[in-house]
Amino acid sequence: MNTNLDIAIKAALYAGKEILEVYQTDDFKVKLKSDDSPLTIADKRAHKVIEQQLAKTNIPVLSEEGKNIPFDERSKWKLYWLVDPLDGTKEFIKRNGEFTVNIALILKDTPILGVIYVPVTKDLYYSDKEIGAFKAINIDSEIENLEMALQMSFKLPFAIESDNYTVVGSRSHMNSETEEFIAKLKEQNGEIEFLSKGSSLKICMVAEGMANIYPRFAPTMEWDTAAGHAIALGSGCTVTQSDEVTPVVYNKKDLLNPWFIVKR
């Protein structure tokens, strides 16, 4: 395993520990950011520990909780980390377990390494362009021999057989554009099965082979998708804009993603 991937995995695990410590308390200290999205003490604690770990690489970091880096500065970066310390804060507040730690390494405008950790289930997804994408189970920061545990990882995708074409998405973002797209999929594929998941787990489901497609026709930011993007690419999926041709790219002046489709 290369050094950057090893450091990113450990950073995600340490962040997961911080998040769970807050998750198990009664007061998340929820505040609203300028866009009315929630921010908790868990976001801040996870951000701090990830920055401490990634500092070992001497590679710059762009994070949701530290995003005010001028474009003139970050546009000169050839290689940088793109981080969401707690993706799915709303899911965290609901206590449904569907939140993740997302860490990606970006080369120019493309993710080349990704780590997604699910603190509640202890599932770890990771990808490097040299080795592909993998899932490890029952992984946390307390594990004695991480390298040995990761040798038991499953290579993605899994061989999943389903009679129905499976779409994964978020019911809270089921707008008319998404409904129209799913209607077209029904015309092309017959019966459609719809699954709902929070945070970057939707991309992971396509990477695993649990779903055929994830259309996202609602706002997301670059840090929401970068780690999942790397894992999807590593498992043989495509990540394109809604035209299903143009690649999704990163480190734009505006960090808002276009509508996109993850497809197996």
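In which loop does Asn-58 lie? Asn-58 sits in the loop between helix H2 (41–54) and strand S3, where helices (H or I, at least four residues) and strands (E, at least two) are DSSP runs numbered from the N terminus.

## Basis of the model

This is a predicted model, in which local features need pLDDT of at least 70 and side-chain atom pairs count only at pLDDT 80 or more, while totals for chains, interfaces and linings use all residues. Residues are numbered from 1 along each chain as its sequence is written, and side-chain values use heavy atoms, with hydrogens and water left out.

## Backbone features in loops

Asn-58 has a positive phi of about 60 degrees although it is not a glycine, and at 71% relative accessibility Asn-58 counts as exposed (buried means under 20% relative accessible area, exposed over 50%, partly exposed in between, with a 1.4 Å probe and protein chains only). Lys-122, in the loop between strand S6 (110–118) and S7, is another residue other than glycine with a positive phi, near 65 degrees; Lys-122 is partly exposed, with a relative accessible area of 27%.

The loop between strand S9 (154–155) and S10 contains Pro-157, and the peptide bond from Leu-156 to Pro-157 is cis, with omega near 5 degrees.

## Helix H6

Helix H6 (residues 176–189) has 14 residues and reaches 20 Å from its first C-alpha to its last, close to the 20 Å expected at 1.5 Å a residue, the expected span being 1.5 Å times one less than the number of residues. Thr-178, Phe-181, Ile-182 and Leu-185 of H6 are buried. Seen down the axis of H6, the buried residues fall within an arc of 100 degrees, so they line one face of the helix; the arc is that of the directions from the helix axis to the C-beta atoms.

These buried residues pack against strand S10 (165–169), strand S11 (192–196), strand S12 (213–216) and strand S14 (260–263), with contact meaning heavy atoms within 4.5 Å. The face turned away from the buried side carries the exposed residues Glu-180, Lys-184 and Glu-187, and H6 is followed by Gly-190, whose phi is positive, near 80 degrees.

## Ser-63 in strand S3

Ser-63 lies in strand S3 (residues 61–63) and counts as buried at 1% relative accessibility. Not counting residues up to four places away in sequence, Ser-63 touches His-47, Val-83 and Pro-85, whereas the C-alpha atoms of Ser-63 and Thr-89, 26 residues apart along the chain, are separated by 15 Å.
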